[in-house]
Amino acid sequence: MGRAEAHLVQGRSALACSLPTEAAALATAAIGLERGEPGADLGEAELADVLAGRWAAVRAQLLELRAEARIRTGDGQGALEDLDLLGEPSTADDARVGLRMRALDAAGQRNEALRLYARHRKVLRDNLGTDPSRELVDLNTCLLSSDARPAAAHTAIGLRTAPNPLLGRATDLAALADLLRTGRLVTILGPGGLGKTRLAQEAARAATEHTPAVVFVELAGVGTGEDLALALATTLGIREVTTLKSADEVPARLDIRERILGVLAERETLLVMDNCEHLLDGAAGWIADILAATTTVGILATSRSPLSIAAEQVYPLEPLDAAEDGAAVELFMARARAARPSVTLQPGPVAELCTRLDGLPLAIELAAARVRSMSVEEIGRRLRDRFALLTVGERTAPARHRTLAAVIDWSWNLLSPTEQRLMRRLAVFPDGFGAEAAQAVGGFDTGDDVGNDLDGLVTQSLVTVTEDPTAGMLRYGMLETVREFGALALEESGEKADVQTAVLGWGTAYAKAMLPELDGADQLKALQAFASEQENLVWLLRTAVERKDVTATLALYAALGYFWSMSGAHSDLASFADAAIRVSWRHAATDQTRDTAVLAFVLGASSLPFGNRRSGLLALGSLRRTLDSGTSSSPRVAALADLLLTGTHGIPAVRAAIHRYERSTDPAVEGIARLFAAQLAENDGDMPAALAASHRAYDLAVGERQVWSQATASQHLAELYAQLGDTESALAWIKTSRAGLTALQSHPDLQQLDWLESLTRLVAGEHDGGTRVFEEIITADSHQGEGPGDRRSLGYAGLAEVELAAGNTAAGLRLYRKGSGPGTVALRDPWLRIVTAAAVVAHVAAGSPDPEYTRTRSRRLRTIVFADLRLRPDAADRPIIGCSLLAIGRWLLRPTDLPPETGLRDTGLELVLLSGILGVRQTLPALNLAAVLAGLDAEHPREAIQAARGRVAGLSPADGLARAVELLRGTAVRAALDATRS
């Protein structure tokens, strides 16, 4: 019976994880365990009826599970056979009726499924005076339509695959499901070790069957309420705003609260906030905020204390039943046999032990682990005195110390002195540790090998061990309650300060050692290994800042910042820059600290556009002072530092420095120079030079096996080819870049690649599939208010092009007008300038009935061109100016009653052709130069077009820009743009 129930739980878990074949196999195996009627050998005893009833219920659930699994694999006939074994559903069993309807449909009998619904509805109305459930009505509606069945678009984030069956909590799961149906906030309440997290995981997994989105946020490793936003954002995949190609194009920082609320509100969501007790005020505030700001989010929380907010429904979780046939005994026996398969167990002594353990799952599992070397009776004898003392302890003591501390204390007293010392020292790590870290912290004062003691802690189930397949190493951790006990023991030992110094020393040494590895030939493996220590290192960076430990701060921020820059987490880089630079900016570098100081100040200064301006300027000054006494031993970092400082002397100085580094014999240094050169060339409108430099950078990165550099160079190549309208090449390089960025887990950069690919496919004529990406761009940036900005304008433009391609001209132009905003195109908002230009071209091409819109936008674009050239004469972005030229030129060429003698036609043709010389960004279909020229060929005399081509032939981008300025300053152009009517 127990094995069948275990298979049932595992099968449900497999189904929740979209593994229907595995779920069906588990159900089949469980059904196959039946060996006659349970309890038949007990005659007419009451227990016989209990066992028979229990098996009947389990068997029915197994058949339903297998039927559901078979439906999902397309085996409708097999599902019907399972349901036939269950007999006819009861009158009120809408779920069973729905399951049979779906099975009939999967078996190709949709009409029979519809007839079944009609019969069921009639029975309900005749017998109960009611109608079928909403879910059943929706299923019937779907079957009546052309769709085969409702689409499964459910999302589950943060759920863990159950390692073993959850025992004794079926009633609790049902109660929680009922509470969540009637309320929006349910808190599972109880002391540590009671299994709140595991129960919440199972409840969340069950919710995936009917809730579009289930999000599980683990708060055990969150140190303060201030970090709650980061925990929520990280779980939801919210990292930062996508950065642009140069510092001049940095968007406004996003408000993390609005983004979190926006993502959660997108659809019906169950949010699970696990382990709130150490963050009560912060967790309660966030939960109240989420409930007030959304209408479709339900929240399940776990805590040792109530959240004490108005919407809360508390669900006190009771211990497991410790009777001989209860779940506590079943749990102990399962875990004990896993530890020692040959162990002999009798229900009576086990039930007595479980009763003394208060039915707490954690206490039971720790005790069961001791059967490796002890009998149940001996465990009971060893437990007696200490457990009795702590269960009747002081009433004013914290709740987690009244029962759970007894369990941990009992295990603690079974350890050797050196194992105790190691356990309390390892408790300082907030996010697990590796063997080297354990050695560095555990043996910092003696130098003794801690391997045997670590093995002892694993054997005592006080330390868990898992294998990280990505980093190829073992990783150790502690249950949170065990770690808390160890932290208290460390406090009492008097060695806390020394241990914190030791762990800070380990982190500093680890950060320094990993810096060259992050640039090494096995870069991907190094990045994966570093990622496993990221949370520990962040905690240590905070600690170093609090202690004003400059050496540790520089090393930790340098390594973390370098890692964040490679993984696309630029907002993390910026958010920690202020604190790190504030502590270290006065530091006079020594030979031991110069490498980390140079890199830390480079990273701090490079985050200037994203974060605190004062700290960025301090970092820049500190970098200059540090370089006066010597530079980094890393040629790559030294080059970055020099280029960063050279940038303060103007573009000509930067060009000279780049040219010098392009001749470097170090491939990494040359690669950096080539990427910078490509950006400058693109900015100048020199697309052949930009392509050549980017290709060279990519080839160098391949030769050095630099995954990050390869991904960066290929992404830049994709952008360049998309800008040129070469969609085939752009898509090929997007594919190459995606492979690298995926390996790096650089999610923000992957998001940028998503919208680049969607835009490129639009230009290529593929109008399906991009809608979701464009809608997500708009939603993600919706915090920006009424006027669109940056990527949000791109989202509207993408949707506009989809509508225009479908022939929905009015809808497409309306979206373009929304994307271009109210008319105040900002100079530092390049994407809004591009979208505004595209909107003008699209309106003119469609013969828009709103001539005032195109005139005012064209006039604004002309104004921005002159402002750009005044403010940045050496650095104006020529391809973006090219977009404005294309729009203004196309507007001048619109159908008009003005005679050719005005010269507007010739000016318009010349401006359109000059846009190509400046490298116009052809990122949107409306800005595709070839398409625009094809349209002009049909509208204007060939002689006029050829004459315009002759006038611009052979012009360089610089000469082309000068000619464009001359044309834009012409009296006829100004008069046309300033006219009140067109």
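# Helix packing, burial and backbone in a predicted model

User: Which hand does the crossing of α38 and α40 have, left or right?

Analyst: The crossing of α38 and α40 is left-handed (the near helix is turned anticlockwise from the far one by less than a right angle; clockwise would be right-handed). Helices are DSSP runs of H or I with at least four residues, strands are runs of E with at least two, and both are numbered from the N terminus. This is a predicted model, in which local features need pLDDT of at least 70 and side-chain atom pairs count only at pLDDT 80 or more, while totals for chains, interfaces and linings use all residues. Residues are numbered from 1 along each chain as its sequence is written, and side-chain values use heavy atoms, with hydrogens and water left out.

User: At what angle do the axes of α38 and α40 cross?

Analyst: The axes of α38 (residues 791-805) and α40 (residues 830-845) cross at roughly 25 degrees and come within 9 Å. α38 is therefore roughly parallel to α40 (under 35 degrees; over 145 is roughly antiparallel, 65 to 115 roughly perpendicular, the rest oblique). Axes here are lines fitted to C-alpha atoms, for helices over the stretch in contact, and angles between N-to-C directions run from 0 to 180 degrees.

User: Which residues make that contact?

Analyst: From α38 they are S793, L794, A797 and L804, and from α40 they are W831, L832, V835 and A842 (contact means heavy atoms within 4.5 Å). By class, seven are nonpolar, one is polar and none is charged. Ala, Val, Leu, Ile, Met, Phe, Trp, Tyr, Cys and Pro count as nonpolar, Asp, Glu, Lys and Arg as charged, and the others, Gly among them, as polar.

User: And how does α40 pack with α41?

Analyst: α40 and α41 (residues 851-871) pack at an angle of about 145 degrees, with their axes 10 Å apart. This crossing, of α40 and α41, is left-handed. R833, T836, A837, A839, V840, H843 and V844 of α40 meet Y853, T854, R857, S858, L861, I864 and D868 of α41. That contact divides into seven nonpolar, four polar and three charged residues.

User: Changing topic: what does α25 meet in α26?

Analyst: Q534, L537, V538, L540, L541, A544 and V545 of α25 meet A552, T553, L556, Y557, L560, F563 and W564 of α26. The residues of this contact are 12 nonpolar, two polar and no charged. The axes of α25 (residues 534-547) and α26 (residues 550-566) come within 9 Å and cross at roughly 145 degrees, and the crossing of α25 and α26 is left-handed.

User: What else do the buried residues of α25 pack against?

Analyst: Besides α26, they pack against β8 (473-477), α23 (496-518), α24 (523-532) and α27 (570-584). The buried residues of α25 include N536 and T543 (buried is under 20% relative accessible area, exposed over 50%, partly exposed in between, with a 1.4 Å probe and protein chains only).

User: How far does α9 reach, and how many of its residues are buried?

Analyst: α9 (residues 196-207) reaches 16 Å from its first C-alpha to its last, close to the 16 Å expected at 1.5 Å a residue (1.5 Å times one less than the number of residues). Nine of the 12 residues of α9 are buried, among them K196, E202 and R205. The elements covering the buried residues of α9 include α1 (2-16), α8 (170-182) and β3 (213-218).

User: What about A67: buried or exposed?

Analyst: A67 counts as buried because its relative accessibility is 0%. A67 lies in α3 (residues 46-72) and touches A79, D82, L83 and L99, leaving aside residues up to four places away in sequence. A67 and D82 are 15 residues apart in sequence, with 5.9 Å from C-alpha to C-alpha.

User: Where is S308, and what is its phi?

Analyst: S308 is in the loop between β5 and β6 (312-316), and its phi is positive, about 60 degrees, although S308 is not a glycine. Most residues other than glycine have a negative phi. S308 counts as exposed because its relative accessibility is 62%.

User: Which loop holds Q745?

Analyst: Q745 lies between α35 (727-744) and α36 (747-763). Q745 has a positive phi of about 55 degrees and counts as partly exposed at 47% relative accessibility.

User: Finally, how many helices and strands does the chain have?

Analyst: The protein chain has 47 helices and eight strands, and 52% of its 982 residues count as buried.
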